[in-house]
Amino acid sequence: SADYGHVLSFYEKLLEACNSQEKDLFFVMNGDFIDGTGLSTYPPVHLTPILEQMPWDALNIGNHELYKNSTVHYITRENGFVDHWNGGYLTSNTLLVETNETRPIGERYKFMTGSFGFNDSRNGNMQKNSTILTFGFLYNFLGHCKMTIVEKVEEVVESEWFQAVLQGKEGDFDAIVVLAHMAADDPLTDIILDKIREIRGDTMPVVLITGHTHKRMNVTLDAYSESFEAGRFLDTVGFVS
């Protein structure tokens, strides 16, 4: 398995290659960061300063981050780990329970915007740049600590905010990435995709970047969507183009 230094070096070399070809590269992480390293503690006081050096465009939360109140309290403190990502830490269905309110731990969604144009294969038109609507879902996890609530995926996709974003009311986009902390073939992936297809039609490109079972797995969901899971413990760097 690699370590974060290996991953960062690989990313920097790939970014250089992409820039030379005027191709966009988006770098994401799918959760469960707290376990699996020699620096793992509760709360993760030694690990998060290292993770904050990674240039991720978007991150998801995993079930391991939700086991202990101390972890949740630490990463959600003011100017802490969640705030560090400036809206890039995504928790579409994971909420923080505070004294006076219940709110998402991070943001519900994010628009990732590229720097280069691309040819839209659906219509042959050249687009100025790419905008990727990105969500961060966790499976219907029941073993979370008291500071958190995990909303059921099947309820969130019916919510007003989710459907409004898909309808383009918050901004236009060219494709959708769903960071989904669940198995690549989890039935919940079908629930998410079905709602996207209902609102955006059959040709919107959708990639579900999954991860939970520690397997390498790829599932073709339809002609314009894929779900893939990239192993465990940094033994695989998942890549989709």
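**Note on strands, rings and backbone in a predicted model**

1. Ser225 is buried, at a relative accessible area of 2%, where buried stands for under 20% relative accessible area, exposed for over 50% and partly exposed for what lies in between (1.4 Å probe, protein chains only). This is a predicted model, in which local features need pLDDT of at least 70 and side-chain atom pairs count only at pLDDT 80 or more, while totals for chains, interfaces and linings use all residues. Residues are numbered from 1 along each chain as its sequence is written, and side-chain values use heavy atoms, with hydrogens and water left out.

2. Ser225 belongs to strand 14 (residues 225–230); helices (H or I, at least four residues) and strands (E, at least two) are DSSP runs numbered from the N terminus. Its side chain makes a polar contact with the side chain of Asp222 at 2.8 Å, a polar contact being a pair of N or O atoms within 3.5 Å, of which, within protein, one must be able to donate a hydrogen and the other to accept it, and residues adjacent in sequence count only if both atoms are side-chain atoms. Apart from neighbours within four places in sequence, Ser225 is in contact (heavy atoms within 4.5 Å) with Leu193, Arg197, Val206 and Thr220.

3. Strand 4 (residues 94–97) runs antiparallel to strand 10 (residues 148–150), to which three bridges join it, and it also pairs in the antiparallel sense with strand 5 (residues 102–104) over three bridges; two strands pair if DSSP finds at least two bridges between them. Leu95 has a bridge partner in each of these neighbours, namely Ile149 in strand 10 and Pro104 in strand 5.

4. A three-stranded open sheet has the order 1-2-3 with parallel pairing. Strand 1 and strand 3 (89–90) stand at its edges with a single partner strand each, so one side of each is left without a neighbour in the sheet. Strand 2 (residues 58–60) is joined to strand 3 by two bridges, and Leu59 stands opposite Tyr89 of strand 3.

5. The count of aromatic pairs comes to 17, where rings of Phe, Tyr and Trp (its six-membered ring) pair if their centres lie within 6.5 Å, and planes under 30 degrees apart count as stacked, over 60 as edge-to-face and the rest as tilted. Phe81 and Trp85 form an edge-to-face pair, 5.8 Å centre to centre with 80 degrees between the planes, and both residues are buried.

6. Lys68 lies over the face of Tyr42 at 5.2 Å from the ring centre, and the charged end of Arg77 sits over the ring of Tyr74, 4.1 Å from its centre.

7. Some backbone values deserve a check, given that most residues other than glycine have a negative phi and most peptide bonds are trans. The peptide bond from Tyr42 to Pro43 is cis, with omega near 0 degrees, and Pro43 lies in the loop between strand 1 (28–29) and helix 2 (48–51). Asp32 is found in the loop between strand 1 and helix 2, has a positive phi near 65 degrees and counts as buried at 18% relative accessibility. His214, in the loop between strand 12 (206–210) and strand 13 (216–222), has a positive phi near 70 degrees and is partly exposed, with a relative accessible area of 37%.

Technical notes:
A charge sits over a ring if NZ of Lys or CZ of Arg is within 6 Å of the ring centre and within 35 degrees of the ring normal.
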